[in-house]
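Let's take a friendly walk through a protein model and look at how some charged side chains pair up. Keep the structure open beside you as you read.

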Amino acid sequence: MHMRSCTWGKHGTLEWLRGKGAGLSASCFPDLVLRTLPNVYPYIVNDPGEGTQAKRRSWACIVDHLVPAMTSAGKYEHLEALETLCREYQEALHLDPAHLPRIKEAIWEKVKESALNRDLGATEEDLANFPSFLERLHAYLHEVSDSLIREGLHILGEPPQGEKLVNFLGALCRLPHGELPALREAVAEALGFSYQELEENPSRWYSELQTTAAALLDRVEEKTRELLEALVRKNFDPVSCPEIVAGVLGKEDRQVARVLEFVAREIWPRLEGVRGEIEACVTGLSGSYVPPGPSGAPTRGRIDVLPTGRNFYSVDPQALPTRSAWEVGKHLAELFLARYLAERGAYPENVGMIIWATNEMRTGGENIAQALYLMGVRPVWEEATGRVRGLELIPREELGRPRLDVVLRVSGLFRDSFLEYHPPA
């Protein structure tokens, strides 16, 4: 009788038992447990770091599966009440200043009641410069409400359905895909706004529209959702995309239509492909071949990891950072430096960063990109393969700041996966 082992769920026990990190021997505990027993291991697709350990230390044949459906956290209870009060304050500031003291007091009381003053590091002194505090509060509310959270658990072999599908499609379209912009950025541009400008200052008042940037962000999200709902109702027919855009936005917009067509032609068929996850498990347990595939977070622009149900590999170290990860890493570095300058009044002399293998595999090297940009260098990619063939200095005029020393503290798995060992001569 042929026996098969099937380990369920990431970060199990077997691959973390005592013994060597790689090239295990008969005295290492994972080998003692498995011996000659094959190990088929269903594993979440966005955790290639620990999946690599399962391959190295328990001889796992990975069958990857989709992440849980994701959605925006949104505003609720005290956050929603604060958002409403912030908008009332901005309206009163420009339309009816007599109500400002009452609304200001209500905002501060709600902040203390919700303990957000601790999160924001706010004190009574902030009341003296309330407009500045309001900007921080508004930005915080937007950041929290815009965060992605899990919406239940993934059911093996089943793509999201109904409202979960619409929410998940929105999460998958948050970042650009190649030359295509993020869907909500394209929607904002179609409505006559820059999504980045709206996001940078949610409390900004648009006098011609008598509303705030936060309200406009909500409008963009609403229209984005309507577009995706309409696309689902049309059964992802790419031909219907221009008609959907005209119906939802009230006018034609080729860029928005192109992103919707990408959802219909690329993202949806790949999501449908997760129906093969159970079959892939059965294939592995029967001793047959499970095809390989890439791994990473689909919500971070990694649509290539879909469909799931494949024996994932971790990453090509020479392909990091990817072009999309470079843009995200630059933005992270700029946010860090802006905050440091605001708090310290000068650039740091050096920066220490802790980098984990799993996160870099999942995101395509965002933290690596951040470190490179802080140092003032950028990758040079091969056009044909997308692999990094070298680095080049960013001209000082373009960089606009000093180059910074960066010290990395890396995990053992990062060392094993990304760093070459050159023995002494």
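This is a predicted model: local features need pLDDT of at least 70, side-chain atom pairs count only at pLDDT 80 or more; totals for chains, interfaces and linings use all residues.

Arg302 has a relative accessible area of 15%, so it is buried, because buried means under 20%. Asp304, at 35%, is partly exposed.

Elsewhere, salt bridges that share partners link Asp146, Arg174, Arg184 and Glu221 into one network. Let's follow part of that network. Arg184 and Asp146 meet through their side chains in a salt bridge of 2.8 Å, N to O. Arg184 belongs to helix H8 (residues 183-190) and Asp146 to helix H6 (residues 130-146), so this pair ties together parts that are 38 residues apart in sequence. Both Arg184 and Asp146 are buried.

Arg184 also meets the side chain of Glu221 in a salt bridge, again listed at 2.8 Å, N to O. Glu221 sits in helix H10 (residues 213-233) and Arg184 in helix H8, so the pair ties together parts that are 37 residues apart in sequence. With a relative accessibility of 28%, Glu221 counts as partly exposed, whereas Arg184 is buried at 10%. Across the whole structure, a search finds 21 salt bridges.

Now turn to another residue, Glu50, in helix H2 (residues 48-58). Is Glu50 buried or exposed? Its relative accessible area is 17%, so Glu50 is buried. Leaving aside residues up to four places away in sequence, Glu50 touches His11, Trp16, Tyr43, Thr358 and Leu413.

Terms used
Residues are numbered from 1 along each chain as its sequence is written. Side-chain values use heavy atoms; hydrogens and water are left out. Helices (H or I, at least four residues) and strands (E, at least two) are DSSP runs, numbered from the N terminus. Buried means under 20% relative accessible area, exposed over 50%, partly exposed in between (1.4 Å probe, protein chains only). Contact means heavy atoms within 4.5 Å. A salt bridge is a side-chain nitrogen of Lys or Arg within 4 Å of a carboxyl oxygen of Asp or Glu.
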